[in-house]
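Try each task yourself before you read its solution.

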There are 10 protein chains.
Amino acid sequence: MLFKVEMTVNIPHELPADVIDEVKAREKAYSQELQQQGKWRHLWRVAGSYSNVSIFDVEDNAELQELISNLPLFPYMEITAVVALCRHPSSIRDSDA
Amino acid sequence: MLFKVEMTVNIPHELPADVIDEVKAREKAYSQELQQQGKWRHLWRVAGSYSNVSIFDVEDNAELQELISNLPLFPYMEITAVVALCRHPSSIRDSDA
Amino acid sequence: MLFKVEMTVNIPHELPADVIDEVKAREKAYSQELQQQGKWRHLWRVAGSYSNVSIFDVEDNAELQELISNLPLFPYMEITAVVALCRHPSSIRDSDA
Amino acid sequence: MLFKVEMTVNIPHELPADVIDEVKAREKAYSQELQQQGKWRHLWRVAGSYSNVSIFDVEDNAELQELISNLPLFPYMEITAVVALCRHPSSIRDSDA
Amino acid sequence: MLFKVEMTVNIPHELPADVIDEVKAREKAYSQELQQQGKWRHLWRVAGSYSNVSIFDVEDNAELQELISNLPLFPYMEITAVVALCRHPSSIRDSDA
Amino acid sequence: MLFKVEMTVNIPHELPADVIDEVKAREKAYSQELQQQGKWRHLWRVAGSYSNVSIFDVEDNAELQELISNLPLFPYMEITAVVALCRHPSSIRDSDA
Amino acid sequence: MLFKVEMTVNIPHELPADVIDEVKAREKAYSQELQQQGKWRHLWRVAGSYSNVSIFDVEDNAELQELISNLPLFPYMEITAVVALCRHPSSIRDSDA
Amino acid sequence: MLFKVEMTVNIPHELPADVIDEVKAREKAYSQELQQQGKWRHLWRVAGSYSNVSIFDVEDNAELQELISNLPLFPYMEITAVVALCRHPSSIRDSDA
Amino acid sequence: MLFKVEMTVNIPHELPADVIDEVKAREKAYSQELQQQGKWRHLWRVAGSYSNVSIFDVEDNAELQELISNLPLFPYMEITAVVALCRHPSSIRDSDA
Amino acid sequence: MLFKVEMTVNIPHELPADVIDEVKAREKAYSQELQQQGKWRHLWRVAGSYSNVSIFDVEDNAELQELISNLPLFPYMEITAVVALCRHPSSIRDSDA
């Protein structure tokens, strides 16, 4: 089941550089693991920003909450949209359900 | 090159039913043709609405304008978002550029 | 799986009274049928309005789209919120998953 | 009498971890006590967020103010909606009054 | 129990003058009856508008819904705010509960 | 002459407790003095918040500015609405002018 | 006593030309009469629009309501701002009270 | 050439009192100098706020930028509106061009 | 002197096709004449819309009002932004003043 | 391919002056280099602000992201708009594609 999720990262200026680098590394590893599993189906950068548009493929709402709330960068994130998607009647892709 | 486009359809109540059906049929054919060509890469329905989230893959901005403005339902559409996307540094998909 | 859905009804003034009554009757029957099935778990009126706050219990996003888009009053509705819900870690209700 | 209340928690980054844990523990106990009493009738997590949608059942507005303003996390909360609800004419539930 | 309610009247231009006058007369009578009963405690005009700020004193949310939804002008009204009020700890008025 | 004024208090977390208590005490005394004089005609708490809805009765705009800007909590307040009110043609209260 | 009022005119397309011309003529005469009296102290056009920014000098809120609500174009106007003004402590103009 | 400019001052709480007083004094002198020159034609306080509505009379956009960006309080200001004004066809004032 | 102006065209559905074509032709001629004169310096289409971003080069605000309000499509336009521009201190272009 | 990008700079008050000057110098050099290359085609100051309206000419979305995210002031910037532009059918400029 698909969800569009949009996230903007706002890392506080006063956070030490090494702390920032460490949490970013964990974030990358975490996201690539979920992409490998097919949970995080698409991850795009919004051009001209520190935001992303993502498509998650989860079993249900609870799994979506778990995946998002455990993002290492979650404390520094503004989740600007969580939108439930489903198959469009004109879509030619079965997989986009 | 990818763009996220979000559209909401508002067909006026007073439009005759046959006119509505005809323009919807043209819209479906138009969109499926573009999907076949890979231009309209993803077309999802927003659950609980008459809106969609789409990902277009175009050569440039001009082509995006051409594809969107020629949608048969364009006169009855509110284009609520046009967002330029690009590859996210953490994405594991080459194709998502 | 639960979704909060908020709806506001805007019936055009110029619609004949009998047409309005007929579609309202179908809407009531449709909603009470879904409530009987447990799909439409809660339906509250927002005091001082022609809006409602509803909690739907559905299998997935696709079923939510089907239930909402088939509301007889759907053409005259503004769906102002569709929010995916899940169990709160402090909730004492198993059933609120 | 029912109210929908929506809350988003924004705990300042610089707050010491033990202070955060302590206030969260008090919050959980406080909320579960009210749930036991039936005052806090529903508590759902909004998937992909640190927000909740709640339904309170109170005697009157004054009691709602008392319950909300005494939330241990209240100083770190943004109360994004307080909506008075009442029985919907199509509701099949007497208890949803 | 007090509620602040704010209303803006938008009467369609094409409505015949006599129809408008008739519904306005019913609205005035309806509102003055409720004011006499103490239900509609305050009714102020917002200077420079066709809006009002009102304070209702009702038993519960259900009564508020009944009073508002039965306003003769309700079909032509935009209810822009419904806010539950209660006694302020610094208020010197017992009656403002 | 009446004005509706709405205020939300945002006291910075890092302010020492004794400083907060002192300014709140001055605020209460200041507001009750104005209420005694009839300048601050109504002061209601918005249920579920740290906000109030107030009705001021002043000679003119200048006096309103003086009363509001001298609120002890003014530096920590967001004044979310200042609305000029006047007698509604349907009001049965002479005093609500 | 001064108020800033901002107005945008939206004349329905389907209104006959002669009706529009007639109401515009009455509007011009009405506004110039008030300007002569000093009630309508300033009337500026917002460049690139059919809106204006005005400064009214009135006895009280009631007079403001009377002057605005009797504008011939009032039924076709969106009053986007009504702001109570008073003398700025740094102003060198006595007349700007 | 006239511009409406609206400004809200947000001085950080933690700024030392003497620093605040000093910059306010410079601001007052700066603004009164421009008022003397006729550049800052009107300066009104918005009643119930720490905001102002101003009318500037400048040669061109560049001069407006220079005058605003050199306001001593500029670093602590939110410029909420900059609106180009011009003579209204119904205005009786030649000077309001 | 430069202004950024953004416009969205909303032509009513019920307008006869020939009327639409005629006004569009006048609009194109009008805009190309101003472009030739250098008044309308840039005219871009916003990709995926019926909107444009334009840069006007005018003597003053009054001329901007004249050029915009005389657009043949003006009655069907929403002018979403009018922003006064001036030379940026980092700009390498003298002509962009 | 053209993009309109709008940026507002919010430099934290507490940042040391020398740090601010250094990053501003790098920003100016960076932007003038891109202007020389034709990538940053227009850079205007919004009159009365610390914002700019810019037109970028890039190969694709990815290059836009690279140019914007590498702005020395990027950490202190709010990118308020990124809009894909293309040639307007009425434009007389070939170069504005």
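**Exercise 1.** Is Glu6(H) buried or exposed in this predicted model?

*Solution.* Start with the cut-off: buried means under 20% relative accessible area. Glu6(H) has 15% relative accessibility, so it counts as buried.

**Exercise 2.** Which residue forms a salt bridge with Glu6(H)?

*Solution.* Step one: look for the partner, and you find Lys4(G), with the closest N and O atoms 2.5 Å apart. Step three: check the accessibility of Lys4(G), which is 4%, so Lys4(G) is buried.

**Exercise 3.** Where does the salt bridge between Glu6(B) and Lys4(A) lie?

*Solution.* The closest N and O atoms of Glu6(B) and Lys4(A) are 2.5 Å apart. This pair crosses between chains, going from strand S1 of chain B to strand S1 of chain A. Now the accessibilities: Glu6(B) is buried at 14%, and Lys4(A) is buried at 3%. Finally, look around the pair: Lys4(A), Glu6(A), Lys4(B) and Glu6(B) are linked in a network of salt bridges.

**Exercise 4.** How many residues apart are Glu22(E) and Arg26(E) in helix H1 of chain E?

*Solution.* They are four residues apart, about one turn of the helix. Glu22(E) and Arg26(E) form a salt bridge, with the closest N and O atoms 2.6 Å apart. Glu22(E) is partly exposed at 40%, and Arg26(E) is partly exposed at 43%.

Note on methods
Residues numbered from 1 in each chain as written. Chains lettered and ligands numbered in written order. Predicted model: local features only at pLDDT ≥ 70, side-chain atom pairs only at ≥ 80, totals over all residues. Heavy atoms only, no water. Salt bridge = Lys/Arg side-chain N within 4 Å of Asp/Glu carboxyl O. Helix = DSSP H or I, 4+ residues; strand = E, 2+ residues; numbered from the N terminus. Buried < 20%, exposed > 50% of the residue type's maximum accessible area, 1.4 Å probe, protein only.
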